[in-house]
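Please study the sequence and the structure before reading the solutions.

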Amino acid sequence: MRTTRTSDLWWKSSVIYCLDVETFLDSDGDGTGDLAGLAQRIDYLAQLGINCLWLMPFYPSPDRDDGYDITDFYGVDARLGNHGQLVEVVRTAHDRGMRVIADLIINHTSDQHPWFRSARRSRNSRYRDYYVWRDTEPPDTSGEVVFPDQEESIWEREERTESWYLHHFYRHQPDLNVANPLVREEILRVIGFWLELGIDGFRVDAVPFFIKDAETLGADGGESAVPDDPHQILKEIRAFLTRRKGSAMMLGEVNVARAEQLEYFGGDDGDELTMMFDFIAMQALYLSLARGDATPLAEALEDRPPIHPTCQWANFLRNHDELTLDKLTGEERQEVFAAFGPEPQMQLYGRGLKRRLPTMLSGDPRRLRMAYSLMFSLPGTPTIYYGEEIGMGEDLAVEGRMAVRTPMQWTDGHNGGFSAASPGRLIQAVVGDGYGPEHVNVRDQRHDPDSMWTFMRELIAVRRTCFELGWGAFSLLPTDAPQVLAHRCDLEGSAVVAIHNLGPDPVTVQLPMTDVERPDQIVDLLARDGVTPGVGTLEVALGGYDYRWFRIGGEGLLGA
């Protein structure tokens with residue numbers, strides 16, 4: 001694919017930054033972050049090198065699930081601002097060359113949404129079939145709940161209509177009946193509305209839940225109609241999205257087995273999700289970090305199914321949810337727990353962790369930088385969660401997933417520079433201990449050439465010159481060292497080669513480079529020492545937790 005076409009598929013060359021408006025910056029001193037505060041920090045994100053901003057839910061909500069329980073899909077939560085301020089954020093981001101995507105929640109609403117308030121009052125409500133109901137007592141579904149410490153069933157009794165409604169998440173989040181054409185039409189209206197306001201795409205929440213349960217959805221008839229192919233729902237959404245805005249994309253939260261992933265991309269047609277988070281590679285990466293052995297990650301990358309050239313994988317080390325390890329075996333999960341979360345308060349539901357990476361790696365800057373270098377070098381699009389660029393920690397005293405959703409730490413001053421409010425009025429307490437603002441903050445790190453922030457900015461700058469990583473053909477390079485992952489991505493006569501030592505001890509590896517005819521065809525992208533280029537081979541000496549990036553042949557798509 002020619003270089004001139006890369007802008008058509010901007011997501012293949014993006015660096016995505018996820019943030020929650022309410023914990024990013026408070027501009028008016030009420031203790032809650034807001035859109036006006038975010039607008040003040042767009043230049044900060046541009047300086048860091050971010051070119052895609054992902055906004056977590058900003059819609060009106062009772063906030064019982066951090067905004068994922070929505071009462072109005074067309075609104076802006078008054079605590080955060082208004083539509084005009086959101087448009088200002090989007091316009092400013094666009095002016096700085098940054099796309100903006102928003103969370104799209106199509107699996108459920110809040111039980112306070114007007115649709116559900118009407119539906120639960122009467123079987124004759126016009127919104128009754130917007131949700132999923134049953135008249136007979138459900139069987140035991142305790143094994144299907146997402147939050148086993150909060151719920152015992154995916155069905156909840158509604159006394160007024162003597163029936164049960166479906167909720168895969170919390171009981172206050174009833175599932176939408178997406179088999180109902182009226183619900184699907186409403187979803188399309190929501191998408192069209194936000195596209196008109198300048199949003200460039202969507203991160204689609206909990207995708208498998210409404211796809212896998214299409215047989216349950218609409219089982220009681222009414223206006224519901226189960227599609228012959230449940231994936232037709234995603235195809236309809238993607239087709240509408242493309243018609244309304246050809247450059248828009250959908251990034252899916254799809255944590256399924258490798259055998260199912262290709263379906264969510266739309267198979268050979270690539271007409272469903274544009275991008276998908278690779279949960280399997282992420283979990284394998286943590287197992288590799290725990291073992292100091294690159295083998296699990298290498299196997300996970302080789303097992304990726306081939307996808308349509310317009311589609312893309314999204315890579316990440318951390319997001320806003322629990323760090324799930326559900327695709328590892330029980331023994332493998334215990335290995336990761338033992339290495340990175342040995343205490344019960346660090347774990348969630350026996351399947352995941354509630355920690356950020358710096359605390360899991362005991363603050364070791366070598367391991368931390370190697371881990372981010374590795375994630376950024378993987379084929380696909382890197383995604384980071386706010387605060388990762390400065391090495392923020394978590395607050396284990398906070399319940400569940402909220403442990404990693406603490407206020408952004410801008411300075412070493414009052415509330416970390418997040419808000420002028422008294423600490424008791426903050427939407428959530430600022431992290432304390434060794435990862436508090438007095439130790440970890442943006443202002444100090446931006447002026448420190450050896451800081452995590454400076455490292456991340458430089459890493460992002462290099463990654464944005466390496467179109468090969470977003471577009472190229474991936475292959476593993478053989479080494480005699482199991483602790484080393486060496487891979488390359490080839491594109492149009494140029495390649496990027498990345499080598500990472502996941503172990504603590506130094507090691508030297510020799511990599512075959514059959515396409516190298518002259519040593520000057522090898523360019524060190526990170527300008528490091530310990531490299532001996534040769535004809536047909538590349539000898540690299542790596543320290544413990546060390547890493548290298550090279551361009552092989554050609555000049556790269558940007559001449560880097």
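A pocket is an open set of points, on a 1 Å grid over the protein atoms alone, where a 1.4 Å probe fits, with protein on both sides within 12 Å along at least five of seven lines; lining residues have an atom within 4 Å of a point. Its volume is the space filled by probe spheres set on the points, which are joined across faces, edges and corners. The model is predicted: local features need pLDDT of at least 70, side-chain atom pairs count only at pLDDT 80 or more, and totals for chains, interfaces and linings use all residues. Numbering runs from 1 along each chain as its sequence is written, and side-chain values use heavy atoms, without hydrogens and water.

**Exercise 1.** Describe the largest pocket and state where it lies.

Step 1. The space in the largest pocket is about 720 Å³.
Step 2. Its lining comprises 30 residues, and Val146, Phe169, Phe209, Glu253 and Asn255 lie nearest the centre.
Step 3. Domain 1 (3-107 + 179-464) and domain 2 (114-166), with bounds from an automatic or database domain assignment, both contribute lining residues, so the pocket lies between them.

**Exercise 2.** Characterise the aromatic pair of Tyr44 and Trp453.

Step 1. Rings of Phe, Tyr and Trp (its six-membered ring) pair if their centres lie within 6.5 Å; planes under 30 degrees apart are stacked, over 60 edge-to-face, and the rest tilted.
Step 2. Tyr44 and Trp453 are 6.3 Å apart centre to centre, with 35° between the planes, and the pair is tilted.
Step 3. Buried means under 20% relative accessible area (1.4 Å probe, protein chains only); Tyr44, at 4%, is buried, and Trp453 is buried at 0%.
Step 4. Both belong to one aromatic cluster, whose members include Tyr17 and Trp410.

Key
Buried means under 20% relative accessible area, exposed over 50%, partly exposed in between (1.4 Å probe, protein chains only).
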